[in-house]
Amino acid sequence: MSDHFAATYASARAKFRAAAEQAGATMTAHVHPEKGPDGGALATDVARFGPADAERVVFIVSGTHGLEGLAGSGCQAAWIKSGGPARLPEGVAAVVVHMLNPWGCAWSRRQTEDNVDLNRNFLDFSAPLPNNDHYEALRSALRCPAYDGPLRDQARADIAAFRVERGERAFVCALFQGQYADPTGIGFGGQKPTWSNRTFRQIVAHNARTVKAVALIDFHTGLGPFGHGMLINTNATGSPGLALAKSWYGHDMAAVGERPEDIPYEIKGDLCGALERMLGNAVVVPTALEYGTFEVERLLGLQIDDCWLINHGDVNSDLGRRIREELRHFFYPATAEWLAMIETRALQVIGQAIAGMARV
Ligand SMILES: [Zn+2]
């Protein structure tokens, strides 16, 4: 089994930094203002390989959703240890961003320190924020103040009734589309840019000054069949970026710009779209790599437990620790089989992006 993977933020960071330093990276650490549960420092680390003035850059990002970063971190370390940096084509740089939301990884949550889903936070906050009527309709059930007992049973019944009345698409929308009105609720996208959002903008501004073409691979977990790595590309239909993505990655890719019906809601405020807007003059190929874990039904219960814990529970109690442990297991199953599958897929996708970038 691969030893690139780690079970904690601190260990993942140490493995990543050691691999990157040994491979001769230019390293930058963006230190987070808060600490981990062990009192340890938190940071987003950036390892850059290749020429400083590269016009073609591949960004490889882990930990946009905190806890999901344990998977992405191991994939990043595996690519570095496999000799990827030494094989970069002439004129192509790789910028490996380790744990964009380090707080979430360390504290076993997908959200940032301010309960924000970072992948819904890249919005223009001077403009009106999107409504999520489905979330509002389910809000009190999703935010049930009881962990179990009659109140929680009633919340489950209310959620079941909502699913029958409005359908599964509405239900998935309520949970995953993002909402901007309930700061301590589920799927909150924020009311201003979070630390991780601001940090990503700094990293891009610093590393994309000379670019004409950029690819993004943003690692996620929790959606799809166990161990399967699904590419989700967000280029607009008919765009040069989408044509490149298809030529690099082939058919095993969901192109949501071309087929928005493939997902039940319009994604707003995500990292992929943000990178395209930041680099308006460059060709950008933004893609998430989403690894499947377990069934979505399990995720539903965990999201409600997670929300209950931050509002009504104690993270240091046995129950609090158990909820965080269950979250970690859901987003990072870490069986030998799962890790081998995601590592193989990561090396394939990163290799495709870099080889494709050499031909741009
Ligand atoms: Zn994710």
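Which residues does the domain assignment of the chain give to domain 1, and which to domain 2? Please then look closely at the nonpolar core and at the elements around it.

Reply: The model is a predicted one. In the domain assignment, domain 1 comprises 9-125 + 190-225 + 251-295 + 329-336 + 347-358, and domain 2 comprises 133-187 + 297-314. Between the C-alpha centres of domain 1 and domain 2 there is a distance of 28 Å. Contact between the two involves 13 residues of domain 1 and 16 residues of domain 2. On the side of domain 1 that touches domain 2, 4 residues are nonpolar, 4 are polar and 5 are charged.

The largest nonpolar core contains 100 residues, and within it Val 58 and Val 214 have the most contacts. Helix H12 (residues 336-358) is the element that gives the most to this core, with 8 residues. Both domain 1 and domain 2 give residues to the core, so it lies between them. Leaving out residues up to four places away in sequence, Val 58 touches Val 92, Ala 94, Ala 215, Ala 353, Ile 354 and Met 357.

Helix H9 (residues 271-278) is a further element to consider. Of its 8 residues, 6 are buried, so H9 is largely enclosed by the rest of the structure. These buried residues are Leu 271, Cys 272, Gly 273, Ala 274, Leu 275 and Glu 276. They pack against strand E3 (56-61), helix H7 (195-207), strand E5 (213-226) and strand E8 (283-292).

Met 99 is not a glycine, yet its phi is positive, at about 65°. Met 99 is located in the loop between strand E4 (92-98) and helix H3 (102-106). Met 99 counts as buried because it has 30 C-beta neighbours inside 10 Å, where 20 or more are required. Ser 108, likewise not a glycine, has a positive phi of about 60°. The loop that holds Ser 108 runs between H3 and helix H4 (133-142). Ser 108 has 24 C-beta neighbours inside 10 Å and therefore also counts as buried.

E1 and E2 pair in the antiparallel sense over 7 bridges, and Val 31 has Ala 43 in E2 as its bridge partner. The hairpin has 5 residues between its strands, and Gly 39 in the turn has a positive phi of about 80°. Gly 40 is exposed because 12 other C-beta atoms lie within 10 Å, and 12 or fewer is the condition for that class. With neighbours within four places in sequence set aside, Gly 40 is in contact with Ala 10 and Lys 35. From Gly 40 to Ser 239 the separation is 199 residues in sequence and 44 Å in space, C-alpha to C-alpha.

Finally, helix H5 (residues 150-166) has 17 residues and reaches 24 Å from its first C-alpha to its last, close to the 24 Å expected at 1.5 Å a residue. Gly 167 follows H5 and has a positive phi, near 95°.

Notes. Residues numbered from 1 in each chain as written. Predicted model: local features only at pLDDT ≥ 70, side-chain atom pairs only at ≥ 80, totals over all residues. Domains from an automatic or database assignment. Contact = placed C-beta atoms within 7 Å. Nonpolar A, V, L, I, M, F, W, Y, C, P; charged D, E, K, R; others polar. Core = buried A, V, L, I, M, F, W, Y, C linked by C-beta atoms within 7 Å. Helix = DSSP H or I, 4+ residues; strand = E, 2+ residues; numbered from the N terminus. Expected span 1.5 Å × (residues − 1). Pairing = 2+ DSSP bridges.
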